[in-house]
Amino acid sequence: MNKKHPLSLQDQTLLIKDHALKLGFRACGIASVASLPQDIMQQYNNWIASGHHGSMSYLERNVELRQNPGLLVPDTRSVIVVAQNYYPKVKQDPDKPQFAYYAYGRDYHKVVKKKLDKLLQFIREYIDPDVQGRSFADSAPIMERYWAQQSGIGWIGKNGLIIIPNHGSYFFLGELLINMELFPDNPMASKCGSCTRCMDSCPTQAIVNPTIIDARRCISYLTIENKDEIPEELASHLENRIYGCDACQQCCPWNRFARPTDEDDFTPKPHFWEIDYHTIHDMDESSYMHHFSGMAIKRAGLDGLRKNLRALHKQAGKQARSQGKDRDSLKENKE
């Protein structure tokens with residue numbers, strides 16, 4: 001940093017945003033740190049009290065940190081929010097067990113955090129060598145979608161995901177908390193209007209109200225976080241989804257703007273395309289690690305994938321029996 005001609009607050013902010021884009025982030029916004037409004041926290045507490053978080057008990061903890069991210073880094077002044085595109089260039093064969101797009105490549109936690117650490121290094125080198133900060137990528141009790149909206153990079157859609165205008169919702173979020181004042185952006189208002197496609201298209205009707213998701217009905221939760229057998233009335237809506245679900249994004253009009261990611265780390269391993277039902281059925285721990293090492297899919301574990309496979313097989317068996325009965329009935333009518 002040039003001490004004789006220091007950069008203005010606005011120039012510092014623009015320099016950081018520009019470098020964030022050079023690192024491969026699609027969007028970067030700034031918000032000043034403050035405690036979350038009481039109505040936001042009350043909505044969150046009501047969501048927890050209603051049991052909508054299912055078995056994710058960690059969401060009940062660290063309420064103070066969720067309300068004030070400044071407690072995570074001493075003297076935090078600004079939240080730098082970034083968005084990383086993960087929309088795939090190539091998609092799975094629709095006849096194979098389906099994995100959510102976000103899980104195709106390398107574990108996003110590591111990818112996003114590594115870039116944020118580089119952004120912090122850049123700030124120290126070119127703006128202030130004494131700045132302190134920490135980077136996060138879905139790795140701390142931060143209300144990241146709230147901060148993404150506050151930073152002006154997008155709004156919270158009715159499916160609970162951040163939607164970036166002219167880009168869509170296929171994005172990972174990351175945050176860099178620093179003890180440095182920056183020029184904040186204006187929060188972005190929702191542009192969903194009267195559209196309810198995500199709510200109407202959810203296979204299990206898990207979006208109970210705009211932005212309010214009942215995880216206990218959500219296919220992503222049922223196939224990733226949930227350790228119990230999937231209830232039959234919900235399993236009947238899995239179709240061939242074995243890990244996660246993109247239904248509420250695939251129908252979103254804003255995702256007509258989605259463009260494939262250019263992040264190499266999100267390019268699937270060659271053997272990913274060959275995974276079918278037999279592959280998963282025959283997996284042991286060794287082959288599981290071979291296929292999914294370093295990927296977000298590891299969160300479900302081999303037992304989780306087997307549980308999901310059982311649910312899919314059970315529903316396929318019921319469908320086959322039902323079709324068989326229909327054929328028998330048709331045959332009897334003809335006779």
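**Close-up views of aromatic pairs and a helix contact**

Phe 172 is buried, with a relative accessible area of 6% (buried means under 20%, with a 1.4 Å probe and protein chains only). The model is predicted, with local features requiring pLDDT of at least 70 and side-chain atom pairs pLDDT 80 or more, while totals for chains, interfaces and linings use all residues. Residues are numbered from 1 along each chain, and side-chain values use heavy atoms, without hydrogens and water.

**View 1. Trp 155 and Trp 254 form an edge-to-face pair.** Rings of Phe, Tyr and Trp (its six-membered ring) pair if their centres lie within 6.5 Å, and planes over 60 degrees apart count as edge-to-face. The count comes to 23 aromatic pairs. For Trp 155 and Trp 254, the centres are 5.1 Å apart and the planes stand at 75°. Trp 155 lies in strand β5 (residues 155-156) and Trp 254 in the loop between α9 (247-250) and α10 (277-281), so the pair ties together parts 99 residues apart in sequence. Helices (H or I, at least four residues) and strands (E, at least two) are DSSP runs, numbered from the N terminus. Both Trp 155 and Trp 254 are buried.

**View 2. Phe 172 pairs with Phe 266.** The ring centres of Phe 172 and Phe 266 are 5.3 Å apart with planes at 65°, so this pair is edge-to-face. Phe 172 belongs to strand β7 (residues 171-178) and Phe 266 to the loop between α9 and α10, 94 residues apart. Phe 266 is buried, at 7% relative accessibility.

**View 3. Helix α1 (residues 9-22) packs with helix α4 (residues 108-126).** Contact (heavy atoms within 4.5 Å) involves Leu 15, Ile 16, His 19 and Ala 20 of α1 and Leu 119, Phe 122 and Ile 123 of α4.

Terms used: Rings of Phe, Tyr and Trp (its six-membered ring) pair if their centres lie within 6.5 Å; planes under 30 degrees apart count as stacked, over 60 as edge-to-face and the rest as tilted. Buried means under 20% relative accessible area, exposed over 50%, partly exposed in between (1.4 Å probe, protein chains only). Axes are lines fitted to C-alpha atoms, for helices over the stretch in contact, and angles run from 0 to 180 degrees between N-to-C directions.
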